[in-house]
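Visitor: Please show me the structure, and then take my questions about it one by one.

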Amino acid sequence: MTSEGRAPADSYTEMVQVVLPNDANPMGFVLGGHVMHQIDIVGAIAAHRHTRCPMVTAAVDGLQFLHPILVGDLMIVTARVTGAFRTSVEVEVEVFSERILTGERQLTSVAYLTFVTLEQDGARATVPPLTADTDEDRQRLAAAEARRAIRLRDRRRGP
Ligand SMILES: CC(C)(COP(=O)(O)OP(=O)(O)OC[C@H]1O[C@@H](n2cnc3c(N)ncnc32)[C@H](O)[C@@H]1OP(=O)(O)O)[C@@H](O)C(=O)NCCC(=O)NCCS
C-alpha cells in the first residue's frame, strides 16, 4: 500500500439516477432501503478510489431522510473520503433530489460510513493518508476525527 497522500477530490464520486415506480412506496416516495443501498455502493466506490484495496462496510452513523424523493425525480448521490485513519476510512455521502423539469435541488440525507480494509486472507492494509490543502478540507478532516472519537467510544460500550 502506498503511503502517498490522496486528496478528497481523488475519491469524489457522483451517481445520478431517475426514481422509478419499482423503487417507491404507494405514496410515490423512494424507498428508504433503496436510498441506503445506493449510499453503501457510492460510499464504497469512494473508499476504494482512495485506498485501491478490498474493503468492507464497518459502520453507518445515524441516517435521516429529511425530504421525500419522488418518482420521476433525479436522485443524486455524492461521496468523498473525509478521514483516513490506520486501516479504515470515513466517507461522507450526501443524497439530493432534483426536480427534472425545474432543476430544483434539495439535500435529503447525509451519512457517514466507515470502511475497513480486509484482504482475502483476513489481513489489514494501512490506508493512504488524506491530504487537506484547503481550509474546507482541513475542517472536514477535523470533523471526521471528532466523529471517529465518538464512534470508537460507542463501539467500546457495545450495542
Ligand atoms: C469491520 C470488521 C472487519 C472489523 O473487524 P475487527 O476485528 O472488529 O476490527 P479491528 O478492531 O481490528 O479494527 C479495524 C479497524 O476498523 C475500525 N472499526 C472496526 N469496527 C468499527 C466500527 N463499528 N465503527 C468504526 N470503526 C470501526 C477500527 O477503528 C479500526 O480502524 P483503524 O485501524 O483505522 O483504527 C469486522 O467487524 C467485519 O468483518 N464485519 C462485517 C463487515 C461486513 O460484513 N460488512 C457488510 C458487507 S461489506
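Visitor: Which residues of the largest nonpolar core touch the most other members?
Guide: This is a predicted model, in which local features need pLDDT of at least 70, side-chain atom pairs count only at pLDDT 80 or more, and totals for chains, interfaces and linings use all residues. Residues are numbered from 1 along each chain as its sequence is written. A nonpolar core is a set of buried Ala, Val, Leu, Ile, Met, Phe, Trp, Tyr and Cys residues joined through C-beta atoms within 7 Å, and a residue is buried if 20 or more other C-beta atoms, placed from the backbone, lie within 10 Å of its own. The largest such core has 25 residues, and those touching the most other members are Val-77, Val-91 and Val-93.

Visitor: Which strand gives the most to this core?
Guide: Helices (H or I, at least four residues) and strands (E, at least two) are DSSP runs, numbered from the N terminus. Helix 2 (32-51), strand 3 (74-84), strand 4 (88-98) and strand 5 (105-117) each supply at least two core residues. The most, 6 residues, come from strand 3.

Visitor: With which residues is Val-77 in contact, leaving aside its neighbours within four places in sequence?
Guide: Two residues are in contact if their C-beta atoms, placed from the backbone, lie within 7 Å. By that criterion, the partners of Val-77 beyond four places in sequence are Met-15, Gln-38, Ile-39, Val-42, Val-93 and Val-95.

Visitor: In what order do the 5 strands of the open sheet lie?
Guide: Two strands pair if DSSP finds at least two bridges between them. The pairing here is antiparallel, and strand 1 and strand 2 are the edge strands, each pairing on one side only. The order is 1-3-4-5-2.

Visitor: What angle does the direction of helix 2 make with that of strand 3?
Guide: Axes are lines fitted to C-alpha atoms, for helices over the stretch in contact, and angles run from 0 to 180 degrees between N-to-C directions. Helix 2 packs on the sheet and touches strand 1, strand 2, strand 3, strand 4 and strand 5. Its angle to strand 3 is about 40°.

Visitor: At what angle to strand 3 does helix 3 run?
Guide: Helix 3 covers residues 135-157 and lies across strand 2, strand 3, strand 4 and strand 5. The angle to strand 3 is about 80°.

Methods:
A residue is buried if 20 or more other C-beta atoms lie within 10 Å of its own, exposed if 12 or fewer, and partly exposed in between; C-beta atoms are placed from the backbone.
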